[in-house]
Each structure stands twice: as structure tokens, then as C-alpha cells.
Amino acid sequence: MPKFFSDTIIFNYNWDQVAQGFWKRYPNPNSKHVLTEDTVHREVKSGKLFTKRLLSKTNSIPKWAERFVTTKQVNIVEESIVDPKRKLLVTYTRNLGYAKVMSITEKVVYIESEEHPGKTVAIRSAWIDSQVRGFSRAICAFGYERFKKNCMKMVGGFNHVLSTLYPHHNILPSTHSTITAAAKLKDAAKNASELAKSKAAPIYASLHPNQS
Amino acid sequence: MNSIGEACNDLKKEYDACFNLWFSEHFLKGRHNDSMCAPLFKVYQQCVKKAMKDHKIDIQEVKKDILGTDKEKKHPPTS
């Protein structure tokens, strides 16, 4: 069964900035796996910009999957349509080759946020599929987890590029970074309470020597 | 970013710089004439096509239109 993933992220930049940043999002500190990037097709049709780019990336795979994939590099095609009138950027990305072993297809729609003027919403959908008999379930599960993990890195990388391009932009914490910050705080609180507990135990023990 | 063909890196950088300027200053402002970077694009494309062949990349497969067609993957039914 193919796996489906979706999420929505808010960028603290207006749509024009995100659309311009989209073409400059590599390299970034989180994109060391992206090796090359080329535009292979581009045209303007009825006021919209149609582009195809070819990306090559390193392919990190678990040991058990090495029997299916022998190359360390994977080629990816990224189609996109920019509609400046509707302020709509849609991207559609798929891997070339090894598509039977594992295919990852990702569609992202970038639109102006209605709720938060001046911000951009990215709605991501992804399909992870495999046609390797007997292994497809394991491969899909692996692909899904890896994709989910990489999503946060992709967003972080894109935000890094945007903050470099627009350094004087008034940055408010985004929904996403708020969640991350909240999770970090929670972790910190948990660690602190565990530390306190571990410190408290010997103190307690020293105060109650007969009970230990 | 580097091109897939080492020989294309300079052509790509020149074209990218032109495109980014055109995209910001022309296209997003409603001026859709894309002749500005066309000569740079042409020479860059010749180089990339050769590099793709050298890398045994299926050009037909790369050029397939999927976005905006009924070949796009569908969302699973929400139940």
C-alpha cells in the first residue's frame, strides 16, 4: 500500500518573497545532499511560468535496502507553475529511476495566507510507493519516516535562505517554529525535572540513611 | 548550485542570475516577455542536454508533463 503524507506550514514571508526564494533555496545548510540543479525547460504560457528542473541528490539508504539500489545518487525532476496573478506557486517533484523500488512524489502549493496577511502557506502532499514484492511495506514505512524527518529540514533550509535574502524582514515566530520551540521547552522542562529527581535522590537518601 | 555537467557551471550561473532578475523585476510585476534571458538559456540548454546524455539520463522521462495533467497523483479519500 502506498503511504500518503501531508502537512501545512506557514512561512513568515509574503508570497512574492517565497516565490523568489524558491529558485534560490539551494544551497542551504540543510541541503548538503543536493549535488546539482539544472533548469531543463522553461516557458511562459498564458501569463504563467512553467519550469522543469533536474536535481541530483545523494541517496542515503539503510543497509538492508542495498540489495535493491546500487547507486549512491538519485535524479529528481521538479515541475513548477508560477501564477503571479493568483499568487500561486505549485511544485511537483518525482524521482527518476528506481521508481519501482521506491517512488517519492511530492506536491507543494504555496499560496498567500488568508488568515495571516503577509505570510505564505505551504500545503504539502507526498506519496511514497514501492513495488518490490515482499518488501514494499517495509520500504514504504522507511520512506515515509525518512520523508517526514526531511520535511522539517527542508523547511528549515528554505527559511534560512529567506532570512538571508530578506534580513530586514520583521520576523515573527511562525506556527511551525512556535511548535518546535514549545516542544524544546517541554523537553528542557522534562530534562530539568529528571535532573532534579536524580539530584534529589541522594539528598533524600542522605537525610534518611536508614531507608536506603 | 552546480550543474550536472561540470562544463555547464559558468553558463548556468550566468543564466540563473539573469533569470532571477527577470523573475523579480519583470515577471512578478506583470511583464511576461521572456526574451531577456533567452540567448543565455539557449547556450546553457545545449550544454545541459549533452551532460544529461553523458549521464545516461532519459530526457523524454525528464520532460514529461505531469503537473497540471490527470497523471498527477490523487489524494487518498478522506474517511
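Two strands pair if DSSP finds at least two bridges between them. Strands (E, at least two residues) and helices (H or I, at least four) are DSSP runs, numbered from the N terminus. This is a predicted model: local features need pLDDT of at least 70, side-chain atom pairs count only at pLDDT 80 or more, and totals for chains, interfaces and linings use all residues. Residues are numbered from 1 along each chain as its sequence is written, while chains are lettered from A and ligands numbered from 1 in the order in which they are written.

Chain A holds an open sheet of 7 strands with antiparallel pairing, in the order 1-7-6-5-4-3-2. Strand 1 (3–11) and strand 2 (34–45) of chain A are the edges, each pairing on one side only. The twist averages 15° from one strand to the next. Strands 5 (88–96) and 6 (103–112) of chain A pair in the antiparallel sense over 7 bridges. A:Leu88 has A:Ile111 in strand 6 as its bridge partner.

Helix 2 (136–165) of chain A lies across strands 1, 6 and 7 (120–129) of chain A. It runs at about 15° to strand 1 of chain A (axes are lines fitted to C-alpha atoms, for helices over the stretch in contact; angles run from 0 to 180 degrees between N-to-C directions).

Chain A averages a pLDDT (the predictor's confidence in each residue, from 0 to 100) of 85, and 79% of its residues score at least 70.

| Element of chain A | Mean pLDDT |
|---|---|
| Helix 1 (15–22), highest | 98 |
| Helix 3 (175–207), lowest | 57 |

The contact takes 31 residues from chain A and 26 residues from chain B (C-beta atoms, placed from the backbone, within 7 Å). Helix 1 of chain B gives the most to the chain B side, with 4 residues.

Technical notes. Two residues are in contact if their C-beta atoms, placed from the backbone, lie within 7 Å.
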